[in-house]
Amino acid sequence: MIGTSVFLLTACGGGDDKSNEDNKTVGAEQIPDKPRKSTQPTGTEKNKPDGVDVSLPKDVNLVFDWDEPKAKNEAAAMDDAANYLRAIYRGVAKRSTRDAAVTEYSTGDGLTYAKTQIDAWIDGGWTATGTLRHYDATTRSTANGSSVEVAFCADAGKFFGKEVKTKKILTTEPSIRDFDHFKIVMVKFPAREDLWQASKVFVEMKAAKCQ
């Protein structure tokens, strides 16, 4: 898999972890950014949960092995946290940070993070392939319900980079680098009852608690 020096979302393989520290967002208790203007919904197809296409190539499988929270706002925020991750890998596949799904599901630091990840894949000449599993999810809301933190583990042991030109899959041996713990702060988009956007992303790499 692609090295940790490049990616936070696929934190496995070799590399210099120092550059990851440069890319991380710190200060989990910061006030979330205000939601940015969302693209307008244009359809209700299966792969368009909020009117924006989040479909992925057939060889990219994002698994969300988690239970839906009972609280309506937390369940909606969790669903759109998953869509945020889909949007990033859709951007990787489309070789663009301007795909509508990216701007639909992110704002502020969340948008910056998404663009940084997508650009790293593009600059390296890679796309993604395989299965990326997300699990052990928890949620917590602010008192007014306008912000929800979605925390979860990710196992990238079967998720790899693939060279766009040669189609070569860049595999590695299983290791602690395959496991990350995420906290994504989702904020409610005020003009849309059903839309939540990722405003901040915090990543604990080589997370032993996720093994």
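Predicted model: local features only at pLDDT ≥ 70, side-chain atom pairs only at ≥ 80, totals over all residues.
Residues are numbered from 1 along each chain as its sequence is written, and side-chain values use heavy atoms, with hydrogens and water left out.

The chain holds 4 helices and 6 strands, these being DSSP runs numbered from the N terminus (helices H or I, at least four residues; strands E, at least two). Read from the N terminus, the elements follow the order α-β-α-α-α-β-β-β-β-β. Of its 211 residues, 49% count as buried, where buried means under 20% relative accessible area, exposed over 50% and partly exposed in between, with a 1.4 Å probe and protein chains only. Among contacts with a separation of 6 or more, 70% join residues 24 or more positions apart, a contact being heavy atoms within 4.5 Å.

Two packed helices are described by the angle between their axes and the distance between the axes. For helix α2 (residues 72-94) and helix α4 (residues 108-124), the angle is about 35° and the axes lie 9 Å apart; axes are lines fitted to C-alpha atoms, for helices over the stretch in contact, and angles run from 0 to 180 degrees between N-to-C directions. On the α2 side, Y84, I88, Y89, G91 and V92 meet G110, Y113, A114, Q117, I118 and W121 of α4. These contact residues divide into 8 nonpolar, 3 polar and no charged, with Ala, Val, Leu, Ile, Met, Phe, Trp, Tyr, Cys and Pro taken as nonpolar, Asp, Glu, Lys and Arg as charged, and the others, Gly among them, as polar.

Helix α4 itself has 17 residues and reaches 25 Å from its first C-alpha to its last, close to the 24 Å expected, which is 1.5 Å times one less than its number of residues. Its buried residues are G110, L111, Y113, A114, Q117, I118, A120 and W121, and their cover includes α2, α3 (100-104), β2 (126-141), β3 (147-163), β5 (179-188) and β6 (196-205). After α4 comes G125, whose phi is positive, near 80°.

In strand β1 (residues 60-65) lies V63, which counts as partly exposed because its relative accessibility is 28%. Leaving aside neighbours within four places in sequence, V63 is in contact with T131, L132, R133 and H134. The C-alpha atoms of V63 and R133 are separated by 4.6 Å, although the two residues are 70 apart along the chain.
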